[in-house]
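Subject: Structure handover

Hello,

I am passing this structure on to you. Please open it before you read my notes.

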Amino acid sequence: MIQLFHVSKYYDRRPALSDVTLEIEKGEFVLLMGPSGAGKSTLLKLLIGAERPEEGQILIQGRSLAKLRASEIPVLRRKVGVVLQDFRLLPKKTVFDNVSLPLLVQGASTPDIRRKVTEALRSVGLDHKKDLFPPGLSTGEQQRVCIARAIVNGPIMLLADEPTGNLDPDLTREIIELFKAINARGTTIIVATHDPNVLAQVNRRVITLEHGKVVAREQVCS
Amino acid sequence: MLVRRLLYLLREAVANVLTNRTTTVVAVATTAFTFACVGVFLLLYVNLKAMAASLEQDIQVMVYVQDDLPESARGEIEVQLRADRAVRSLSYVSKERALADFQAQFPSESRLLQGLGQNPLPASFVVTLAADSRSAEAMRRWATRTQLIPGVGQVQYNQEWVEALAGIVRYIEVAAIIVGVILSAASVTIIANTIRLALYSRREEIEILGLIGASATFIRVPYVLEGAALGLCGSALSLVILKAGFELFRHEIHSATRFLGVDALLTFFSLDMCAVLVFVGLFLGCAGSVLSLLRVGEGRA
């Protein structure tokens with residue numbers, strides 16, 4: 001489903017990713033491990049077309065990202081859910097409105113939006129807080145809203161960049177369980193993290209990056 | 001679903017305006033002021049042009065016939081003038097009638113004429129030209145042509161006055177265009193900066209929209225709407241300012257006895273013209289927004 005062939009990305013001539021080749025199958029749960037600056041976030045940015053590699057090729061569902069026109073990038077992003085460490089919720093919109101945004105930009109109908117948002121919020125256990133505003137929620141709840149927004153349109157894959165960076169161990173466990181449940185429904189999940197708590201809980205495939213290079217690939221069976 | 005998206009985009013545009021209230025008010029006020037400056041020139045141009053047209057309408061050309069011309073030759077001149085497509089109407093003023101008119105208009109000077117013993121005033125045709133022949137250039141051409149008719153002594157009209165007015169109108173027209181272009185560019189820049197501030201204050205939201213797959217159009221529309229609203233409000237407000245200023249000016253002119261009757265000649269923009277000006281404001285507002293939005297990459301976060 002996701003294939004990277006000899007991908008390199010440079011910032012100011014310094015390599016953020018260097019000759020990365022990897023393949024991720026449909027329905028996999030992959031952890032991208034590595035210290036800060038290892039290139040994890042860069043890799044995720046490449047996968048959503050926010051950055052373009054200087055070298056190599058990226059294929060998603062057999063389609064080369066290099067060949068995507070600028071106007072096709074939003075279409076790609078509608079198939080990808082993104083969860084970020086800082087949640088990136090709109091503080092002046094309710095939880096419901098935040099979660100409904102991906103559907104709105106796709107032009108979903110009002111009944112569809114209502115149904116899918118309710119489902120997504122229920123799956124993260126926040127359907128009773130749909131009318132609240134993000135600043136009124138705890139950090140764990142905000143991250144769950146972010147996850148609901150990422151899965152509301154049934155993406156083929158979910159990319160999470162340090163999703164537990166702001167959470168305590170209990171909340172981290174909660175979020176990882178949510179990811180597992182989403183993965184169990186067939187969504188490919190890639191979590192970039194340097195948090196060993198996540199590694200301990202996931203027990204799935206781990207790709208370790210250091211200085212922009214893949215230094216280890218482990219298949220951990222749960 | 002289109003309605004929901006449109007409502008969302010409209011709501012976002014309103015939210016943009018409300019978020020940057022002070023900037024919006026300043027932008028509308030500055031835009032209104034710049035449009036009003038252009039409007040002053042336009043008003044001057046419209047009124048002078050109307051005045052020139054009105055004066056042109058009043059201008060009559062005097063075609064003097066030579067003295068002692070036989071009646072048949074006079075009749076021939078009249079036939080030729082009536083056949084001329086440039087002539088709208090004409091009337092004949094005999095020597096006797098000319099003298100009577102002179103005595104009526106200048107009674108104190110009439111004794112001078114009596115001293116001459118004979119009537120020195122020539123007979124003439126008073127010609128009103130057709131509308132398309134009233135420009136200074138057309139009148140000059142017509143006068144030259146008419147002068148060549150046998151029996152015509154002299155053709156006179158207030159050429160200098162007509163040409164001077166046409167010149168002034170031309171200068172005002174050029175000034176209005178130059179000032180209009182400069183101030184329109186200023187308005188576009190003001191609106192572009194306002195939109196740039198709005199984009200800056202909502203950059204995080206724009207980034208989020210980009211991440212979740214919003215198209216460039218979806219992201220840009222609220223800002224284009226905001227620019228359009230700024231331009232529209234600015235131009236509408238400028239019309240209000242201009243109208244108030246115009247009425248004040250007309251009142252002052254009306255009070256000053258020196259300009260008796262001039263106030264009645266002054267006109268404000270027609271409704272059509274007002275609509276055009278508001279539309280121009282709206283268009284310039286959109287242009288300002290687009291200028292700022294060009295910096296937002298094609299859907300890239």
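Below is what was found, chain by chain.

This is a predicted model: local features need pLDDT of at least 70, side-chain atom pairs count only at pLDDT 80 or more, and totals for chains, interfaces and linings use all residues. Residues are numbered from 1 along each chain as its sequence is written, while chains are lettered from A and ligands numbered from 1 in the order in which they are written.

**Where the chains meet**

In chain A, 19 residues are in contact with 18 residues of chain B. Contact here means that the C-beta atoms of two residues, placed from the backbone, lie within 7 Å. Two helices of chain A, H2 (73–77) and H3 (95–106), each supply at least two residues of the side that touches chain B. Helices (H or I, at least four residues) and strands (E, at least two) are DSSP runs, numbered from the N terminus. The side of chain A that touches chain B has 12 nonpolar, 4 polar and 3 charged residues. Ala, Val, Leu, Ile, Met, Phe, Trp, Tyr, Cys and Pro count as nonpolar; Asp, Glu, Lys and Arg count as charged; the others, Gly among them, count as polar.

**Chain A: a sheet**

Four strands form an open sheet in the order E2-E1-E4-E5, with antiparallel pairing. Strands E2 (14–24) and E5 (63–64) of chain A stand at the edges with a single partner each, so one side of each has no neighbour in the sheet. Two strands pair if DSSP finds at least two bridges between them. Strand E1 (residues 2–11) of chain A is joined to strand E4 (residues 55–60) of chain A by 5 bridges. In one of these strands, E4(A), A:Leu59 is the bridge partner of A:Gln3.

Strand E1 of chain A also holds A:His6. A:His6 is not a glycine, yet its phi is positive, about 50°. A:His6 is exposed, with 12 other C-beta atoms within 10 Å. On this scale a residue is buried with 20 or more other C-beta atoms within 10 Å of its own, exposed with 12 or fewer, and partly exposed in between; C-beta atoms are placed from the backbone.

A:His211 has a positive phi of about 50° too, and is not a glycine. A:His211 sits in the loop between strands E9 (205–210) and E10 (213–219) of chain A. A:His211 is partly exposed, with 15 other C-beta atoms within 10 Å.

**Chain A: a helix pair**

Helix H5 (residues 139–151) and helix H6 (residues 169–184) of chain A pack at about 15°, with axes 10 Å apart. Axes are lines fitted to C-alpha atoms, for helices over the stretch in contact, and angles run from 0 to 180 degrees between N-to-C directions. The contact includes A:Ile147 and A:Ile151 from H5(A), and A:Leu178 and A:Ile182 from H6(A). Its residues divide into 6 nonpolar, 2 polar and 2 charged.

**Chain B**

Chain B has 11 helices and 4 strands. Of its 301 residues, 30% count as buried. An open sheet of 4 strands runs in the order E2-E3-E1-E4, with antiparallel pairing. Strands E2 (87–93) and E4 (152–156) of chain B are the edge strands. The twist averages 20° from one strand to the next. Helix H3 (residues 71–83) of chain B packs on the sheet, at about 160° to E2(B). Helix H6 (residues 136–147) of chain B lies across E1, E3 and E4 of chain B, at about 170° to E4(B).

Best wishes
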